[in-house]
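Subject: Structure handover and notes

Dear colleague,

I am passing on the structure below, together with my notes on what turned up in it. Please read the notes with the coordinates open beside them.

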Amino acid sequence: MLSGRGLVKRYGAQYALAGVDIDIRAGEAVAIVGPSGSGKTSLLHVLAGILRADAGEIHLAGQRVDQLGEKKRSELRRTEFGFVFQSGMLVSELSAEENVALPSLLAGKGRKEAVDAGRIWLERLGLKGMETRRPGEMSGGQAQRVAIARALTHQPKVIFADEPTGALDTRTGRETMDALLGAARETGAAVVVVTHDRDIAESMPTTVSIRDGLIASRVAA
Ligand SMILES: Nc1ncnc2c1ncn2[C@@H]1O[C@H](COP(=O)(O)OP(=O)(O)O)[C@@H](O)[C@H]1O
Ligand SMILES: [Mg+2]
């Protein structure tokens, strides 16, 4: 459904990606693991169209994504993809429900429709009663669940998460991952998660290891 072929990303003489082939099937949950500096974030950003690769192709449901212009790519990111980052990527001045509604509002939905859909996801993620709280008035785990709700409301095909549990304690991290994977399963979204956490990687159905900008292995449980 989403695939990269021969992906190369360079920073000067440094190859962040040195020719990566990767396939993400519809609804699949994939962990990307590897040492610091191995190219995990670069791969995620190239696949998601945030960064442009220096070489290679990206196909999404039969469409050549890498050949799209900036405007089309940003539209694609808004409509087809959802993002969960390590932390701090919620808008601090907005309430939980406003944060969750944001992608739908940007996609042109009406305010009521967007906020109503957002509230449903907040409730599914165990945040009923917290709709009007701002990120600073919640725990790290709760804020990450708001970020997960935000990544899901517009029904993306793929959710990209870069170290989504990196700022959480082990138990909250585990619960946050369960919430993310469970919610993705409900919507049929594929999930691509970069993680340092061995337990989390091992709990995912598929693990792709990256080393020096190359895929070292792909293991399906
Ligand atoms: N904006 C940048 N400018 C220069 N070098 C970068 C930049 N981003 C990443 N790199 C380099 O590319 C390599 C891969 O980085 P990254 O994809 O962030 O790895 P990871 O997420 O696995 O830690 C590293 O050597 C890193 O230093
Ligand atoms: Mg990284």
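To begin with contacts between charges and rings, the charged end of Lys9 sits over the ring of Tyr11, at 5.5 Å from the centre of that ring. Another such contact involves Arg124, whose charged end sits over the ring of Trp121, 4.2 Å from its centre. Please bear in mind throughout that this is a predicted model, and that every value in this message is computed from it.

Next come the aromatic rings, where the geometry may be of interest to you. A pair of aromatic rings is described by the distance of the centres and the angle of the planes. The structure holds four aromatic pairs. One of them joins Phe83 and Phe85, which are stacked with 6.0 Å from centre to centre and 0° between the planes. With a relative accessibility of 17%, Phe83 counts as buried, because the cut-off for that class is under 20%. Phe85, by contrast, has 26% relative accessibility and therefore counts as partly exposed.

Phe83 also forms a stacked pair with Phe160, and here the centres lie 5.7 Å apart, with 20° between the planes. This pair links distant parts of the chain, given that Phe83 belongs to strand β6 (residues 81–84) and Phe160 to strand β7 (residues 158–162), 77 residues apart. Both Phe83 and Phe160 are buried. Taken together, Phe81, Phe83, Phe85 and Phe160 form one aromatic cluster.

The largest pocket has a volume of about 420 Å³. It is lined by 16 residues, of which Arg77, Phe83, Phe85, Pro103 and Arg150 are the closest to its centre. At least two lining residues are supplied by each of α2 (70–80), β6, α3 (96–106) and α5 (140–152). By class, the lining of the largest pocket divides into 10 nonpolar, three polar and three charged residues.

The second largest pocket holds about 190 Å³ of space. Its lining is made up of Val33, Gly34, Thr195, His196, Asp197, Arg198, Ala201, Glu202, Thr207 and Ser209. Both α7 (198–203) and β9 (206–211) supply at least two residues of this lining, and the largest share, three residues, comes from α7. In the lining of the second largest pocket, two residues are nonpolar, five are polar and three are charged.

With best regards

Terms used
Residues numbered from 1 in each chain as written. Chains lettered and ligands numbered in written order. Predicted model: local features only at pLDDT ≥ 70, side-chain atom pairs only at ≥ 80, totals over all residues. Heavy atoms only, no water. Phe/Tyr/Trp six-rings, centres within 6.5 Å; stacked < 30°, edge-to-face > 60°. Buried < 20%, exposed > 50% of the residue type's maximum accessible area, 1.4 Å probe, protein only. Helix = DSSP H or I, 4+ residues; strand = E, 2+ residues; numbered from the N terminus. Lys NZ or Arg CZ within 6 Å of the ring centre and 35° of its normal. 1 Å grid on protein atoms, 1.4 Å probe; cavity = no way out; pocket = protein on both sides within 12 Å on 5 of 7 lines; lining within 4 Å. Points joined across faces, edges and corners; volume = space filled by probe spheres on them. Nonpolar A, V, L, I, M, F, W, Y, C, P; charged D, E, K, R; others polar.
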